[in-house]
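Subject: Structure handover

Hello,

Here is the structure you asked for. Please look at it first, then read the notes below.

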Amino acid sequence: VLGSAILLIINGGGRIMAPQAIEQASVGIWVSIIALVLTLLLVVIQKWVINKTGSMAIQADSLHYQSDVLLNIGVLLALVLSEQLWPRADGIFTVLVGFYLAYGAIKIVWLSVQNLMDRELESELADKIKVIIRQHPKTLGFHELRTRQAANIKFIQFHLELDDKLS
C-alpha cells in the first residue's frame with residue numbers, strides 16, 4: 001500500500017506539471033461508478049468481519065479498498081473537472097489519494113507492530129481481573145498480578161493465597 005502511495009504521488013506530481021487530455025471520459029465515469037458501488041459493498045462486509053474477528057490482515061486489506069473508494073471518487077471528480085474546468089485536477093486528486101494511502105499504510109504498520117509486541121493489559125481490565133479474583137469465596141488474597149498481551153492472546157499470572165487446609 002505504501003509503495004502504491006509513493007507511485008501515486010510521483011505520477012500525480014507529473015500530471016500536475018504536465019496535464020494530459022483524458023480520452024473517453026464518459027467510459028471512465030461509468031466504470032468508476034460501478035467500481036465505487038462494488039467497492040463500498042466490499043468495505044461494509046470487511047468492517048463487519050473486522051468487528052467480529054479483529055483481524056489485522058483484513059483491516060489492512062480494508063484500508064486498501066477504502067483507498068479504492070477514495071480513488072474512485074477522486075477519479076470521478078478528476079474526470080469531470082479535467083474535461084470541463086481544470087486540467088490539473090487529475091494530478092492533484094492523484095497526489096491527495098497518494099498521501100491518504102501513505103498515512104493509512106503507516107498507521108497499519110504502527111498498529112501491527114504494537115499488536116505484535118508484548119504489552120501490559122489496560123489498567124481497567126487489570127482492575128476487573130482483581131475484582132474477579134477477590135470475588136471467589138475461597139480466595140484469601142493474591143499478589144504479584146502480572147498481565148501481558150501478545151497479538152490477540154491475553155496472559156494473566158498471579159500468586160493466589162488459599163487456606164492451608166485445602167487438599
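At what angle do H1 and H4 pack, and how far apart are their axes? The angle is about 160°, and the axes of H1 and H4 are 7 Å apart. Axes here are lines fitted to C-alpha atoms, for helices over the stretch in contact, with angles from 0 to 180 degrees between N-to-C directions. H1 and H4 are therefore roughly antiparallel (angles over 145 degrees). Their crossing is left-handed, meaning that the near helix is turned anticlockwise from the far one by less than a right angle. Helices are DSSP runs of H or I, at least four residues, numbered from the N terminus.

This is a predicted model, in which local features need pLDDT of at least 70, side-chain atom pairs count only at pLDDT 80 or more, and totals for chains, interfaces and linings use all residues. Residues are numbered from 1 along each chain as its sequence is written, and side-chain values use heavy atoms, without hydrogens and water.

A second pair is H2 (residues 25-53) and H3 (residues 56-84), whose axes come within 8 Å and cross at roughly 155°. That makes H2 roughly antiparallel to H3, and the crossing of H2 and H3 is also left-handed.

H1 (residues 2-17) gives 3 residues, the largest share, to a nonpolar patch. The patch is made by Leu2, Ile6, Ile10 and Ile106 and covers about 380 Å² of surface. Ile106 is in H4 (residues 89-116) and is exposed (over 50% relative accessible area, 1.4 Å probe, protein chains only), at 53%.

Regards

Note on methods:
Patches are made of residues with over 30% relative accessible area and no salt bridge: like charges are joined within 9 Å, nonpolar side chains (Val, Leu, Ile, Met, Phe, Trp, Tyr) within 5 Å. Accessible areas come from the Shrake-Rupley method with a 1.4 Å probe; for residues, only the protein chains shown count as cover. A salt bridge is a side-chain nitrogen of Lys or Arg within 4 Å of a carboxyl oxygen of Asp or Glu. Helices (H or I, at least four residues) and strands (E, at least two) are DSSP runs, numbered from the N terminus. Buried means under 20% relative accessible area, exposed over 50%, partly exposed in between (1.4 Å probe, protein chains only). Angles under 35 degrees count as roughly parallel, over 145 as roughly antiparallel, 65 to 115 as roughly perpendicular and the rest as oblique.
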